[in-house]
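Hello,

Here is the structure I said I would pass on.

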Amino acid sequence: MGETPSQSPEPVVLTVCTTCRQTGSDPEAMRPGRILADRLAGSALPEGVTVRGVECLSACSRSCTLHLSGGPARWSYIYGDLDPDAHLEDILAGAAAYAATEDGFVPWRERPVVFRKQSIARIPPVSMPSVALTPTPAPERHDSSNDIPDAPATELAQD
């Protein structure tokens, strides 16, 4: 893991949610993710890195979220609670470190602090072998509605 090739086989994409906002914020104000996406698009992105905005990453409670991906052979990451004013340079540094890997694995201590502390998920590459599973039946579901004896509804009400 963490190999550094001279040229990565797949481009890296920073996908930023442009619609989420913090609870209690002005609904008419520009969304932090939109600000972040615009700032990233206007920055000197690392070689092989592009940015795109999407309307929802479904991580609304972690407002200002991005997904870092780079093809089917790399791990992908989702980061949240980002601040367009405070985290722009760290995001660019993290994207550069990620782009320099073949598998998307940047050693923990080499990641910017924002990527260490504000990770929501790490998604395995499609090509990663699955863990061997042992199929077992699911436990039988107990339907508690059958526990009530047949009785008129008036006898069950105890207000």
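The lining of the largest cavity divides by class into 8 nonpolar, 2 polar and 1 charged residues. Please keep in mind that this is a predicted model.

Some background on that cavity. A search of the whole structure turns up 1 cavity of 30 Å³ or more. About 60 Å³ of space lies in the largest cavity. Its lining is made up of Leu68, Tyr77, Tyr79, Gly94, Ala97, Tyr98, Gly104, Val106, Arg111, Pro112 and Phe115. Two or more residues of this lining come from each of strand E4 (76-79) and helix H2 (88-99). Helix H2 gives the largest share, 3 residues.

Helix H2 also has a helix partner. How do the axes of H1 and H2 cross, and at roughly what angle? The axes of helix H1 (residues 32-41) and H2 come within 11 Å, crossing at roughly 60°. An angle of 65 to 115 degrees would count as roughly perpendicular and one under 35 as roughly parallel, so H1 and H2 are oblique to each other. The crossing of H1 past H2 is right-handed.

On the H1 side, the contact is made by Leu36, Arg39 and Leu40, and on the H2 side by Leu88, Ile91 and Leu92. Sorted by class, the contact of H1 with H2 has 5 nonpolar residues, 1 charged residue and no polar ones.

Regards

Technical notes:
Residues numbered from 1 in each chain as written. Predicted model: local features only at pLDDT ≥ 70, side-chain atom pairs only at ≥ 80, totals over all residues. Heavy atoms only, no water. 1 Å grid on protein atoms, 1.4 Å probe; cavity = no way out; pocket = protein on both sides within 12 Å on 5 of 7 lines; lining within 4 Å. Points joined across faces, edges and corners; volume = space filled by probe spheres on them. Helix = DSSP H or I, 4+ residues; strand = E, 2+ residues; numbered from the N terminus. Nonpolar A, V, L, I, M, F, W, Y, C, P; charged D, E, K, R; others polar. Axes fitted to C-alpha atoms, helices over the stretch in contact; angles between N-to-C directions. Parallel < 35°, antiparallel > 145°, perpendicular 65-115°, else oblique. Left-handed = near helix turned anticlockwise from the far one by under 90°. Contact = heavy atoms within 4.5 Å.
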